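Dear colleague,

Here is the structure I promised to pass on to you, with its sequence. My notes on what was found follow below it.

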Amino acid sequence: GFIRLYQLTLSGFIGNGCRHLPTCSEYGFEAIARHGIWPGGWMALFRVMRCGPGGTQGLDPVPESLPPTKHWWTPWRYWRLS
């Protein structure tokens with residue numbers, strides 16, 4: 001709900017400045033829908049952190065499934081899923 005609210009309100013004022021495809025808000029929405037609130041939320045947070053100046057850019061889709069080495073009790077491992 002928060003992501004959709006951001007997309008409908010603040011996103012228009014901030015501008016289309018995401019350096020990734022899909023955008024960070026689309027990535028977060030899809031990650032939470034696909035993997036649940038805990039892993040998807042961490043994945044979305046880390047994606048937004050990577051999007052800042054000096055961060056990554058380009059195509060960065062949400063993974064279809066989580067690797068077996070990623071566990072709910074180690075959310076810092078969601079930083080890079082590749």
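With which residue does glutamate 30 form a salt bridge, and how far apart are the closest N and O atoms? The partner is arginine 34, at 2.7 Å, where a salt bridge is taken as a side-chain nitrogen of Lys or Arg within 4 Å of a carboxyl oxygen of Asp or Glu.

Before the details, please keep in mind that this is a predicted model, in which local features need pLDDT of at least 70 and side-chain atom pairs count only at pLDDT 80 or more, while totals for chains, interfaces and linings use all residues. Residues are numbered from 1 along each chain as its sequence is written, and side-chain values use heavy atoms, with hydrogens and water left out.

The overall picture

The protein chain has four helices and two strands, which follow the order α-α-β-α-α-β from the N terminus; helices (H or I, at least four residues) and strands (E, at least two) are DSSP runs, numbered from the N terminus. The mean pLDDT, the predictor's confidence in each residue from 0 to 100, is 79 for the chain, and 78% of its residues reach 70 or more. Where pLDDT is low, the predicted coordinates should not be read in detail.

Of the 82 residues, 30% are buried, meaning under 20% relative accessible area, with exposed being over 50% and partly exposed in between (1.4 Å probe, protein chains only). Among contacts (heavy atoms within 4.5 Å) between residues at least 6 apart in sequence, 63% join residues at least 24 apart.

The salt bridges

The count comes to four salt bridges. Glutamate 30 and arginine 34 are four residues apart in helix α3, and are therefore separated by about one helical turn. Glutamate 30 is partly exposed at 29% relative accessibility, and arginine 34 is partly exposed at 33%. Arginine 34 also forms a salt bridge with glutamate 64, the closest N and O atoms being 3.6 Å apart. Because glutamate 64 lies in the segment after β2 and arginine 34 in helix α3, this pair ties together parts that are 30 residues apart in sequence. Glu30, Arg34 and Glu64 are thus linked in a network of salt bridges, in which glutamate 64 is exposed, at 64% relative accessibility.

Another salt bridge joins the side chains of arginine 47 and aspartate 60 (3.7 Å, N to O). This pair links helix α4, where arginine 47 lies, with aspartate 60 in the segment after β2, 13 residues apart. Beyond its neighbours within four places in sequence, arginine 47 contacts several residues, including Cys18, His20, Tyr27 and Asp60.

Two further places to look

Methionine 43 is found in helix α4 (residues 37-50) and is buried, with a relative accessible area of 1%. Its C-alpha atom is 6.9 Å from that of alanine 31, which is twelve residues away along the chain.

Tryptophan 72, by contrast, is exposed at 59% and lies in the segment after β2 (58-59).
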